[in-house]
Amino acid sequence: MKTYKIALLSGDGIGPEIATEAKKVLDVIQAQDKAQFECTEALFGGNAYLQTGKSFPRETIEACDAADAIIKGPIGLSKEESDKIPVDEQPERGALLPMRRRYDTFANYRPVYLPKSLAHFSPLKTEVVGDGIDLLMIRELVGGLYFGHKERGIDEQGQRFARETLEYDEGQISRILHVAFGEATKRKGILHNVHKSNVLLSSVLWNEVLEEVATEYPDIEVKHIIVDAAATALCLDPRQFDVMVMENMMGDILSDLGGGILGSLGLMPSACVGPEKAYYEPSHGSAPDIAGRGIANPYAMIGSVAMMLETSFGMVGEARAIWSALAGVFAAGFATADLGGEGATVLDTASFGDKVVERLVG
Ligand code: NAD
């Protein structure tokens, strides 16, 4: 039996609550003698800063370096709490972006998935999503505006200014496009390229590189769509999309829209994959508005575990079993508070995790 080292960073807000449920699921897989998981829990994010003075402390870096894969809960404090932390140590700038940079996790897989049996959770019309939603957003994760040069200062007129640059080189664009074409090859053979080349030079370069990369995938039909139009189209009829590829900030925003059309951000797991290491996290934030109440939806966190098992450890069957257990709990008439749903029995975070475990064991 194989042993895998996992760094478990539960994060802030609802993070520890949903990470507990993810751990329950890992424990079940382990108890079934499918693999051994050596989990090292470590601080990451706002609470890490409050306890150690660093939001990505040295011990956490070491645990992540040593791990075969990382499971990360959401990070971030309320605006009031965050404002008490020096800007450079605030959770995203001090922990999340450095982790993405350290492991070069350029490929962010964000499935926007709702099986037919759960289509009622979507706020979209039944005639549009009655058969469910199934698309995959591929977001470039270590370039663009979030990682470009940043400065603040006072200009010649004495006004405060901030400047950040949106930079991509052709290598960064090409490698994420290869990932997207690869996924389109495995799925329906259609790739939507999301861009803003009518305004942004970076998108002009992106599209040029895409034309070159596309020659290696003659069977893939490429469709171009401007990012603002893509936002509308996703709301009106997500069925027109299968695989979508986009740069970092566009993906950040459109994938939250993905959570919206599913019915909750709590349904959005993700994988952030680099050449040598990957980490797995729900796409959502730390939800300070509901933290500590035991009502967060752990689906995205548990789904991120399934993505880790499949992508990092090749445990495809176990991953499928988790997806099936997650969907099965909802299909049996249960829901979490964020989803509601007519006639559904609303479960708290821990009870939802227990139901998933029951299905995995049974
Ligand atoms: P958020 O995603 O935390 O919450 C938005 C809304 O969705 C809230 O109403 C919240 O209650 C709800 N929600 C999110 N996840 C849920 C879940 N699993 N179950 C039930 N409801 C859920 O976004 P926000 O409020 O803008 O940000 C809160 C904090 O999270 C901020 O500090 C932000 O910087 C941080 N953040 C972190 C990440 C990350 O760790 N990758 C991502 C996004 C935001």
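Q: What do the side chains of Lys-150 and Glu-164 meet in?
A: A salt bridge, 2.9 Å from N to O. Keep in mind that this is a predicted model.

Q: Which strands does that pair tie together?
A: Lys-150 lies in strand β6 (residues 150-154) and Glu-164 in strand β7 (residues 160-164), so the bridge ties together parts 14 residues apart in sequence.

Q: Is Glu-164 buried, exposed or partly exposed?
A: Partly exposed, at 45% relative accessibility. Lys-150 counts as partly exposed too, at 40%.

Q: How many salt bridges does the structure hold?
A: 19. One of them joins Lys-24 and Asp-354, with the closest N and O atoms 2.6 Å apart. That pair links distant parts of the chain, 330 residues apart: Lys-24 is in helix α1 (residues 15-31) and Asp-354 in helix α13 (residues 349-361).

Q: Which residues are linked in a network with those two?
A: Glu-21 is linked with Lys-24 and Asp-354 in a network of salt bridges.

Q: And where do Glu-183 and Lys-186 lie?
A: Both are in helix α7 (residues 170-186), three residues apart, about one turn of the helix. Glu-183 is buried at 13% relative accessible area, whereas Lys-186 is exposed at 64%.

Q: New topic: which residues gather in the patch of negative charge?
A: Asp-169, Glu-170, Glu-208, Glu-211 and Glu-212, on the surface.

Q: Which helix gives the largest share?
A: Helix α8 (residues 201-214), with three residues. Glu-211 has its place in that helix and is partly exposed at 46% relative accessibility.

Note on methods: Residues numbered from 1 in each chain as written. Predicted model: local features only at pLDDT ≥ 70, side-chain atom pairs only at ≥ 80, totals over all residues. Heavy atoms only, no water. Patch = residues over 30% accessible without salt bridge, like charges linked within 9 Å, V, L, I, M, F, W, Y side chains within 5 Å. Areas by Shrake-Rupley, 256 points an atom, 1.4 Å probe, with all protein chains shown as cover. Salt bridge = Lys/Arg side-chain N within 4 Å of Asp/Glu carboxyl O. Lys, Arg positive; Asp, Glu negative; His and termini not counted. Charge placed at Lys NZ, Arg CZ, Asp CG, Glu CD. Helix = DSSP H or I, 4+ residues; strand = E, 2+ residues; numbered from the N terminus. Buried < 20%, exposed > 50% of the residue type's maximum accessible area, 1.4 Å probe, protein only.
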